[in-house]
Amino acid sequence: MVLWSAAVFAGESNWHVRSGAANAACALRQCEPGLSYVYFIATGASAGKGHSKDVKGWVHTVMACLPELTGNPKPVLCPYACDSWRARFFYSGGGSIWNGRLHFHDFSYADVKTDPAVVARNEEALVRAQRRFRPGNTHVFVYTLTEPMLSAYRKGETPAYIAAMERVADHYGIPSVNLAKAAAEKIISGELKEEDFLGKLNRDSAPGDRQTDAGAKFYNETMAAFLKALFAAKPAVEKSV
């Protein structure tokens, strides 16, 4: 299942491959099919909440693309829904998540009301703790659109959340994909609507936990293009760490 063939994007302005995923590519290829080596710490619409039956979230796009990109026919989806504070203290100490070789983190929605500097510190602590145990694990930062982010992009500014997270990503060479920026560009140009990305799952939730099918499809296409660039950037190592 290839999702990127018909997609045209602004390109690498919406992602950074940095140190790439050479180690993850090797590790996933060697992993026994059907076991849990791919982990997601994300919330809401990332896993498909609020979409029609035929349109899944970007998490499912990752799982659809990985067999072709890594050679492993069936890596398993292991989702964890929480904010950065809980992730820092729940998963820094070990547990099954340590077995994962490829980790996707998206705290955009869960931490929309949290000081971005605090989120970045929590994320850095999580990454440092996991790297002490398994330095070869590949982490990927994912940013999905929230109201504060869209407001910043409308003003021509980089959202504070993304700026803080990118400083961590730059320091540790962590790949990142800015779905929020890609979505904001489409909204500002009039090609897509704000409600395509900033819907609400229920009246008590904040905008951003539900996309329309059009918004979800755009996230999926952008994520697929990023994954292709990520795994193509550097060849898989012969032996994973």
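Leaving aside neighbours within four places in sequence, Ser84 is in contact with Phe107, Asp111, Val119 and Asn122; contact means heavy atoms within 4.5 Å. This is a predicted model, in which local features need pLDDT of at least 70, side-chain atom pairs count only at pLDDT 80 or more, and totals for chains, interfaces and linings use all residues. Residues are numbered from 1 along each chain as its sequence is written, and side-chain values use heavy atoms, with hydrogens and water left out.

Ser84 lies in helix α3 (residues 84-91). Helices (H or I, at least four residues) and strands (E, at least two) are DSSP runs, numbered from the N terminus. Two of the contacts of Ser84 are also polar. The side chains of Ser84 and Asp111 are joined at 2.7 Å, and those of Ser84 and Asn122 at 3.1 Å. A polar contact is a pair of N or O atoms within 3.5 Å; within protein, one must be able to donate a hydrogen and the other to accept it, and residues adjacent in sequence count only if both atoms are side-chain atoms. Ser84 has a relative accessible area of 2%, so it is buried. Buried means under 20% relative accessible area, exposed over 50%, partly exposed in between (1.4 Å probe, protein chains only).

Now turn to strand β5 (residues 138-143). Six of its six residues are buried, so the strand is largely enclosed by the rest of the structure. In a regular strand the side chains alternate between the two faces of the sheet. Here Thr138, Val140 and Val142 point one way, while His139, Phe141 and Tyr143 point the other.

Strand β4 (residues 102-105) runs parallel to β5, joined by four bridges. Strands pair if DSSP finds at least two bridges between them. His103 stands opposite His139. Strand β6 (residues 176-178) also pairs with β5 in the parallel sense, over three bridges. There, Tyr143 has Asn178 as its bridge partner.

The structure holds eight aromatic pairs. Rings of Phe, Tyr and Trp (its six-membered ring) pair if their centres lie within 6.5 Å; planes under 30 degrees apart count as stacked, over 60 as edge-to-face and the rest as tilted. One of the pairs is Phe197 with Phe218, edge-to-face at 6.1 Å centre to centre and 80 degrees between the planes. Phe197 lies in the loop between α7 (179-189) and α8 (213-233) and Phe218 in α8, so the pair ties together parts 21 residues apart in sequence. Phe197 is buried at 0% relative accessibility. Phe218 is buried at 8%.
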